Amino acid sequence: MAYNDLRMDNQWLPFTPNRSFQKDPRIFVAADGMHFTTHDGRQVIDGISSLWCVGAGHNRKPINEAIKKQLDTLDYSTAFSVSNDKAFRAAEMIAAMAPGDLNKVLFCNSGSEAADTAMKVALAHHRARGEGHRNLFIGRERGYHGVGFGGMSVGGIPANRKVYGAALLPRVDHLRFIHDPVKHAYVHNIEPVWDEDLLLELESRILPLHDPSNVAAVIVEPVAGSAGWYVPPQGYLKRLREICDKHGILLIFDEVITGFGRLGTAFASDYYGVQPDMLTFAKAVTNGVFPLGGVVCSDRIYGAMMGAHGSAPDHAIEFFHGYTYSGHPVACAAAIATLDLFREENLFARAGEMGPVLGDAMHAALKGLPNVIGIRSLGLAAAVELAPLPGLPGKRAFDVFMDCFHRGVLVRNAGDNLVFAPPYIVERAQIETMVGTLADAIKRA
Ligand SMILES: Cc1ncc(COP(=O)(O)O)c(C=O)c1O
């Protein structure tokens, strides 16, 4: 098949401008280390870890071998009322890495399912404790928690919500966004210090409006990833924790992007020293190689759910939720091999070391270029924000993304941001190539 002749008769691509893709298809046929090979034989640097997944780089043999071995041993078994050895081991490893008493892992298959699962745990937990009236969720403007109806409702990216109207959950409110484009346009590996208390509105407006006793949970990404890598103000997450504690509200961190090393620590919770009641994960847990997601819940939540059923008969199910593929043995084998590899190669520390290299390069090369209105770096990720073209939001960044792709660099366009989040194995020279290519494309745009 000549790939350039590809028609879109049978393919509807996700989160993609399909009509434009058809005119200029971008198709990968192989990957190794930091690079993809395209259908026309070109090499493209994976500057985004294939959307925050491939921390250890592509085509890692220990992960591939673990998957092959698992397929030949136990290919699949149902997850309901029976389980498999790999799910137990993967849960044990994840719980050991998760902070504090986050010890109970509920597996699912994606970040979207993880968000919806965490929201359902929150409701079920409150009900089990006799507080079923706690059924309101608070997300944040420009948050992203996937595409399920729960995650979409607490999410705050307008385009993702716009056409779903009344189908969004009704009992949801949103915190204001964590960005000040005037005072904190440039964030360079530090936590911005705001003179204003961003969470004052939670205490003084949102909670009084709904009454705190009705709020089930607050869900936030510690660092806002999908919107374009926006860093919270200093002390923000700690204060959020305190407010939630004060009012008996559960705090959920969506660590689908920040989990497993992106900030140089296992989780953003460790980086910020704040423990949520639940933490969602996906993506890098299997190096992106096999779909797996999950929610790590505190012992307290699990204890309350089990305790509420203390007098129920043995056959009674405590939580009516789960997926056919929850704890899939092949996915869990991939996770075990990935987490072993992260540890053996000390890759979280490497992400921590290479983060400032990326941040320095982005600020040095891009600040002052035409239409650049902000640069934010933290951990091994950095974003540059461009002034939108009048009436055409996102177009300038899309053009830059396309230009970079054709010059061998995969960068992520998010609104008018361009984001790099390379695999933790990235080399300095590759960072220079990525950032240099981006700088040239911004100048051309
Ligand atoms: C913070 C966050 N939560 C949830 C999701 C949804 O994950 P998935 O696409 O695996 O459903 C994403 C995906 O990018 C994400 O960044």
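Domain bounds here come from an automatic or database domain assignment. The model is predicted: local features need pLDDT of at least 70, side-chain atom pairs count only at pLDDT 80 or more, and totals for chains, interfaces and linings use all residues. Residues are numbered from 1 along each chain as its sequence is written.

**Exercise 1.** State which residue ranges form domain 1 and domain 2, and describe the side of domain 1 that touches domain 2.

*Solution.*
Step 1. The assignment gives domain 1 as 3–56 + 346–444 and domain 2 as 64–344.
Step 2. Taken over C-alpha atoms, the domain centres are 26 Å apart.
Step 3. Contact (C-beta atoms, placed from the backbone, within 7 Å) joins 34 residues of domain 1 to 29 residues of domain 2.
Step 4. On the domain 1 side, H13 gives the most, with 9 residues.
Step 5. That side divides into 20 nonpolar (Ala, Val, Leu, Ile, Met, Phe, Trp, Tyr, Cys, Pro), 11 polar (the others, Gly among them) and 3 charged residues (Asp, Glu, Lys, Arg).

**Exercise 2.** Determine how helices H13 and H15 are oriented and which residues meet.

*Solution.*
Step 1. Helices are DSSP runs (H or I, at least four residues), numbered from the N terminus.
Step 2. The axes, lines fitted to C-alpha atoms over the stretch in contact, with angles from 0 to 180 degrees between N-to-C directions, come within 10 Å and cross at roughly 30 degrees for H13 (residues 347–366) and H15 (residues 428–444).
Step 3. H13 and H15 are therefore roughly parallel (under 35 degrees).
Step 4. Residues of H13, including Val 357 and Leu 358, meet residues of H15, including Ile 431 and Val 435.
Step 5. This contact has 10 nonpolar, 1 polar and 2 charged residues.

Terms used:
Helix = DSSP H or I, 4+ residues; strand = E, 2+ residues; numbered from the N terminus. Parallel < 35°, antiparallel > 145°, perpendicular 65-115°, else oblique. Contact = placed C-beta atoms within 7 Å.
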